[in-house]
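Welcome! Here is a short tour of one protein model, taken topic by topic.

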Amino acid sequence: MVKHADGGIQVDRSEALGGARVRIMLPHERPEGRESVVDPGSDAPTARVLVAEDDDALRNMARLLLQLAGYQVLVAEDGQAALEFINDERIDLLVTDVRMPGVGGSQLAAKLRERWPELRVLYMSGYAGVDVPQDDLSAFLEKPFEAEVLVREVSRLLKT
């Protein structure tokens, strides 16, 4: 994300802090000619995305990236939490970790598709050989992934 924004990262060893100091430097404005991560022709402003991910850092990163791309984003720390706070509000896309404690990503998607049969789902996992439903409304993203890949896959799924 930092490189994409034409920023830099500086890491210094700090005896006083007992570790390292990391500085992230970002430009105030995007340089001319540099394209945005957002696809201007996308349906981003009206799409509602639910991110269900048990890793705090990844969940927050996905939320931030998708918000910066213009999506309305809801987040849940796992499948059960997602089911508890989802009401009748429309969800256009579910971005979910496959393996989570309690209700996993495939179970969550199946329950949400009972309410919204045309729900698009982007499954994510860092484990090899995970079994996810294969259909025209679903895709799989292997962790770790680049920021642009997440935004591109979300946009692609919403356009299908």
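Predicted model: local features only at pLDDT ≥ 70, side-chain atom pairs only at ≥ 80, totals over all residues.

Residues are numbered from 1 along each chain as its sequence is written, and side-chain values use heavy atoms, with hydrogens and water left out.

**Overall make-up**

- The protein has 4 helices and 7 strands; helices (H or I, at least four residues) and strands (E, at least two) are DSSP runs numbered from the N terminus.
- Starting at the N terminus, the order of elements is β-β-β-α-β-α-β-α-β-β-α.
- Of the 160 residues in the protein, 41% are buried, where buried means under 20% relative accessible area, exposed over 50%, and partly exposed in between (1.4 Å probe, protein chains only).
- Taking contacts between residues at least 6 apart in sequence, 58% join residues at least 24 apart.

**The nonpolar cores**

- A nonpolar core is a set of buried Ala, Val, Leu, Ile, Met, Phe, Trp, Tyr and Cys residues joined through side-chain atoms within 4.5 Å.
- The largest one has 23 residues, and those touching the most other members are Val49, Leu66, Tyr71, Val95, Leu122, Leu150 and Val154.
- At least two residues of this core come from each of β3 (48-52), α1 (56-68), β5 (93-97), β6 (120-125), β7 (138-142) and α4 (147-159).
- The biggest contribution to this core is that of α4, with 6 residues.
- There is also a second, separate core of 20 residues, with Leu50, Val98, Val103 and Val121 among them.
- In soluble globular proteins, nonpolar side chains tend to be buried together.

**The sheet**

- An open sheet is formed by 5 strands in the order β4-β3-β5-β6-β7, with parallel pairing; two strands pair if DSSP finds at least two bridges between them.
- At the edges lie β4 (72-76) and β7, each of which pairs on one side only.
- From one strand to the next, the twist averages 20°.
- Between β3 and β4, the parallel pairing runs over 5 bridges, and Val51 stands opposite Val75 in β4.
- Helix α1 packs on the sheet, where α1 touches β3 and β4, and its direction makes about 170° with that of β4. Axes are lines fitted to C-alpha atoms, for helices over the stretch in contact, and angles run from 0 to 180 degrees between N-to-C directions.

**Helix α3**

- Which residues of helix α3 (residues 105-115) are buried? They are Gly105, Leu108, Ala109, Leu112 and Arg113.
- These residues lie on the same side of α3 because they cover an arc of only 130° around the axis; the arc is that of the directions from the helix axis to the C-beta atoms.
- The buried residues of α3 pack against β3, α2 (79-85), β5, β6 and β7.

**Two residues to look up**

- Val98 sits in the loop between β5 and α3, and Val98 counts as buried because its relative accessibility is 11%.
- Not counting residues up to four places away in sequence, Val98 touches Gly104, Gly105, Tyr123, Met124, Ser125, Val130, Val132 and Phe140.
- Gln80 belongs to helix α2 and, at 35% relative accessibility, counts as partly exposed.
- Although Gln80 and Val103 are 23 residues apart along the chain, their C-alpha atoms are separated by 5.5 Å.

Terms used:
Contact = heavy atoms within 4.5 Å.
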